[in-house]
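Reader: I'd like to learn how to read a few features in a model like this. Can you walk me through them?

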Amino acid sequence: MAKEMRSPIESGCPDAFQYMHPVMRKNYGQWAYHEDPQPGVLLHVSNNGDKIWTVRVGTQRILDVFTLRKLCDIGDEYGDGYIHFTIRSNVEYQVADEAKVQPLIKAVEEAGFIVGGTRNSVAMLSHTQGWLHCDIPGTDASGVVKSMMDELIDEFKGWNMPNRVHMTTSCCQINCGGQGDIAINVQHTKPPKINHDLVSNVCERPSVVARCPVAAIRPAMVNGKPSLEVDEKKCMCCGACYPPCPPMQINDAEHSKLAIWVGGNHSNARGKPTFQKLVASGIPNNPPRWPEATAVVKKILGAYKDNAKDWERMNDWIERIGWPRFFEVTGLPFTKYHIDNWRGARASLNASTHIRF
Ligand code: SF4
Ligand code: SF4
């Protein structure tokens, strides 16, 4: 007799409702409006008059277990025992009693954390999802986030910007970290260097050849062993060959740089999505504090703050004043590297932000 079939093991996300504050659970889908009583604090009011206050706290993104425990202890002692994390690695406490808000903020700040990141602030700089376990980082990610946010702490804590500013970083040149008002991305500037002794043991050559978006990689025999070669005239230094073939090392202390892109935004009720555009390239990838990249970000933020109209997002502001004026007011040089002259772009890249099939 056939054995009874094993039922599938559910390994997805657990049901979030069980972890929600009871007031949130009770009023799910019933919120009438929300207000921003002060930076870092949200007040949601339900149709039946229930109120809940949320206190948003910035973290350093990669959290050790001791810090997590400390944050949870604060939630137990000063909050209602509920927290959740935002996609930008902020922790949020919910309380149903207004009298708890100020003591909670005091406790959080005394423990060395910052409250903010709401409304027209610079939200917490987000870094890529996979840096700790990913196979292709070309730079540190948490370090960039920490050192830049240290310099932008007042912009996180205040409501000083014309509108919300979302910033992102990426630790390789090809994957996560994209759409942001300001994006700080890795920029490789030289083709990969191949360690031929390792290729035949480590890499599946057809997969690596297929991986290159510009067909710059060919199989080759080197010193009697199967290996690969790169047509350096075609190579656009993207680094896509490095994950399937680590002996094609592209990271380089001197030639792996940072580039800054601005104006990316998802679509919303009022506008279409916008692509971000390159505004600064070849910036030294300079740990541990990345001063050159931070200086460029501050220039852009300063110009946006001084020149944009109230509630204009970065992309709306640039669209209104035009790119030549953007370079004038930020003081960033416009160079030949800003012009996309890659010969395959026109034929093969999807150059529209609209989804099509
Ligand atoms: S940006 Fe690239 S290296 Fe960093 S986590 Fe994403 S895929 Fe991995
Ligand atoms: S870096 Fe990119 S373009 Fe150059 S060989 Fe590798 S996959 Fe191809």
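Predicted model: local features only at pLDDT ≥ 70, side-chain atom pairs only at ≥ 80, totals over all residues.

Reader: Which residues are around ligand 1?

Author: A residue counts as near a molecule if one of its heavy atoms lies within 4 Å of it. Here that gives Thr128, Gly130, Trp131, Cys134, Ile136, Pro137, Cys171, Cys172, Asn175 and Cys176. For classes, Ala, Val, Leu, Ile, Met, Phe, Trp, Tyr, Cys and Pro are nonpolar, Asp, Glu, Lys and Arg are charged, and the others, Gly among them, are polar. On that scheme the shell has seven nonpolar, three polar and no charged residues.

Reader: How many disulfides does the structure hold?

Author: You look for a pair of cysteine sulfur atoms within 2.5 Å. There's one disulfide: Cys203 with Cys245, sulfurs 2.1 Å apart. The S-S torsion is about 70°, so this disulfide is right-handed. The pair links distant parts of the chain, 42 residues apart, with Cys203 in the loop between α6 (196-202) and α7 (205-211) and Cys245 in the loop between β11 (225-230) and β12 (248-249). Those labels are DSSP runs numbered from the N terminus: helices are H or I with at least four residues, strands E with at least two.

Reader: Are Cys203 and Cys245 buried or exposed?

Author: Buried means under 20% relative accessible area, exposed over 50%, partly exposed in between (1.4 Å probe, protein chains only). Both Cys203 and Cys245 are buried.

Reader: How many residues of α4 are buried?

Author: Seven of its 10 residues, namely Ser142, Gly143, Val144, Val145, Ser147, Met148 and Met149. Their cover includes α5 (153-157), β7 (167-169), β8 and α8. Take Ser147, at 1% relative accessibility: its side chain reaches the backbone oxygen of Gly143 at 2.7 Å. That's a polar contact (N or O atoms within 3.5 Å; within protein, one must be able to donate a hydrogen and the other to accept it, and residues adjacent in sequence count only if both atoms are side-chain atoms).

Reader: What does Ser121 touch?

Author: Contact means heavy atoms within 4.5 Å. Not counting residues up to four places away in sequence, Ser121 touches Glu155, Phe156, Gly158, Trp159, Met161, Asn163, Arg164 and Val165. Ser121 is found in the loop between β6 (114-115) and α4 (142-151), with a relative accessible area of 0%.

Reader: Which residues touch the most other members of the largest nonpolar core?

Author: A nonpolar core is a set of buried Ala, Val, Leu, Ile, Met, Phe, Trp, Tyr and Cys residues joined through side-chain atoms within 4.5 Å. Of the 37 residues in the largest one, Ile182, Ile260, Val297, Ile300 and Phe326 touch the most other members. Helix α8 gives the largest share, seven residues. A second, separate core of 18 residues includes Val45, Leu71, Ile105 and Val108.

Terms used:
Residues numbered from 1 in each chain as written. Chains lettered and ligands numbered in written order. Heavy atoms only, no water.
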